[in-house]
Protein chains: 2
Amino acid sequence: MNPEITSIQMFGIKTPIIKAGDDIVQIIEASLQAADLVPVDGDIFVLAESAVGTAENRIVRLDSITPGEKALSLGEKYCIDPREMELVLQECDEIFGGVPGAALTITKGVLSPNAGIDASNAPEGYVVLLPKDPRKTSENIRMRLEQRYSCRLGVIIGDSRTQPLRLGCTGIALGVSGFVPVEDARGSFDIFGRPLRITYKAVADNLVSAAELLMGEAGERVPCVLIRGAPVKMIDESPEMPTISMEGCMYFGNVIKCRKEDFEKENR
Amino acid sequence: MNPEITSIQMFGIKTPIIKAGDDIVQIIEASLQAADLVPVDGDIFVLAESAVGTAENRIVRLDSITPGEKALSLGEKYCIDPREMELVLQECDEIFGGVPGAALTITKGVLSPNAGIDASNAPEGYVVLLPKDPRKTSENIRMRLEQRYSCRLGVIIGDSRTQPLRLGCTGIALGVSGFVPVEDARGSFDIFGRPLRITYKAVADNLVSAAELLMGEAGERVPCVLIRGAPVKMIDESPEMPTISMEGCMYFGNVIKCRKEDFEKENR
């Protein structure tokens, strides 16, 4: 192959089922060894939030939850188990609408159906909440993996999300460490040498979407994907995921800002 | 490496600048040869819509466009060149809102800012429209590449899109041929053997997002990425990209359906 060509390689890391309280770093290390894989400088690890949340003991028995009045009425409105709805209300920063099966929330700064609460891949009668602090968790995991393998790595806690008017889930980064998650291309030029109009690249989200090709949504037990050769900017930090305001968002800009008040009025 | 491990490889295919009327298949073939790459069964080609649109002569000189009354008023409202706004109105199936710089439309069945019209990567004073029929084009390109290399391939025409409340662009498939673009995982089970709640995988969109890691948005001249080893379901068809209704969409469900009427009232 021509040495000038750019290339990325991705490996799905199969692990045992991850249980509450497990040390996910130890599990990754053992699974890498079983796969004869040794991380190198610039490798990015994408970890499924459900595996990370489970290891962090973020699983909740639904029977232990007593839904309040608001959870009962919203649960009925959106066809969601009122106990799960109670957890959604406890977990989310704000809630501003929904469709049957999904309450639309902002949780840990990210737009999330049902506050990211996951009933798949949890034991019967339980749900998995999002990792408590995905940014901090990704940092801790990166520090330990970097020390173990003596190289500079990146770590992403990733989740699945639908896109507007689109069938099927794609990837979204909840927390990252070790690289620049959104690249500002404003200093760049198009193929004709003019400044670019589309100016930001969602590198971290694209890495999670790429990883989802190997993770799947089902029982593949591939909660971790190693991505090698991605042209990302490595940094020794764990930056916040940049977001945009509702007003500046193409989808929500002139759509939701009024409806949010309606929602609050209706559901007071 | 352990033979049981799943792995995907991606190659960025650098090409000369693609000009109006070029034969994009010939260009890809020459660039593959220069890179010492030979396609094999199951390889997926992701092509940037701007390169495909340009080759298809879908470039328009803005000076040749006379904006109508509606384009003048919407152009002012959304801070868009009224000549470009006129093209947006001509190209889109419907328009139902926007923010400064982006009118929100459905175009060729897909939610698109500014009807997917691209001023970057077009000659000065020109814009590139979306390929006329991305599904048909992806099919034609697949047929020719399959014949040339005597193997079963997939082809995607991909574009960039922002996600709600998120900074930065990710990938979206406008048209596909040769594989199943959205996989229904309803027959699948989670790691505990129970049926999955999240049921669709946006395989084609994830492939485009993965490809964008190598394409970039800037002048890299990588309009084509070859993806090898992705666990997709190959078929000898060019399926329509499945979409969902506004009512069934988590983001638009109880948000836009009223506002669309408002928009139409305001902009009659």
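A: In chain B, β4(B) and β5(B) form a hairpin with 2 residues between them, and B:G101 in the turn has a positive phi of about 100 degrees. The strands named here, like the helices further on, are DSSP runs numbered from the N terminus, with at least two residues (E) for a strand and at least four (H or I) for a helix. This is a predicted model, in which local features need pLDDT of at least 70 and side-chain atom pairs count only at pLDDT 80 or more, while totals for chains, interfaces and linings use all residues. Residues are numbered from 1 along each chain as its sequence is written, chains are lettered from A and ligands numbered from 1 in the order in which they are written, and side-chain values use heavy atoms, with hydrogens and water left out.

Strand β4 (residues 94-99) of chain B is mostly covered, with 5 of its 6 residues buried, where buried means under 20% relative accessible area, exposed means over 50% and partly exposed lies in between (1.4 Å probe, protein chains only).

Chain A can be read alongside. There, β4(A) is joined by 4 bridges to strand β5 (residues 102-107) of chain A, and the two run antiparallel, while A:V99 has A:A102 as its bridge partner in β5(A). These strands belong to an open sheet of 3 strands in chain A, ordered β4-β5-β6, with antiparallel pairing. Its edge strands are β4 (94-99) and β6 (110-113) of chain A, each of which pairs on one side only, and the twist from one strand to the next averages 25 degrees.

The crossing of α3(B) and α4(B) is right-handed, a crossing being right-handed if the near helix is turned clockwise from the far one by less than a right angle, and left-handed if anticlockwise. B:K70, B:A71, B:L72, B:L74 and B:G75 of α3(B) make this contact with B:P82, B:M85, B:E86 and B:L89 of α4(B), contact meaning heavy atoms within 4.5 Å.

In the loops, A:N114 lies between β6 and β7 of chain A and has a phi near 50 degrees, a positive value in a residue other than glycine. A:N114 is buried, with a relative accessible area of 5%. In chain B, B:N114 lies in the loop between β6 (110-113) and β7 (126-128); the phi of B:N114 is near 50 degrees, again a positive value in a residue other than glycine, and B:N114 is buried at a relative accessible area of 5%.

Finally, the two chains meet through a pair of helices. Helix α6 (residues 203-215) of chain A packs against helix α6 (residues 203-215) of chain B at an angle of about 130 degrees, with their axes 8 Å apart. The two are therefore oblique to each other, since angles under 35 degrees count as roughly parallel, over 145 as roughly antiparallel, 65 to 115 as roughly perpendicular and the rest as oblique. The passage of α6(A) across α6(B) is a left-handed crossing, and among the residues that meet there are A:L207 of α6(A) and B:L207 of α6(B). In the largest nonpolar core, which has 53 residues, A:I156, A:L207, A:I227, B:I156, B:L207 and B:I227 touch the most other members; a nonpolar core is a set of buried Ala, Val, Leu, Ile, Met, Phe, Trp, Tyr and Cys residues joined through side-chain atoms within 4.5 Å.

Methods. Two strands pair if DSSP finds at least two bridges between them. Axes are lines fitted to C-alpha atoms, for helices over the stretch in contact, and angles run from 0 to 180 degrees between N-to-C directions.
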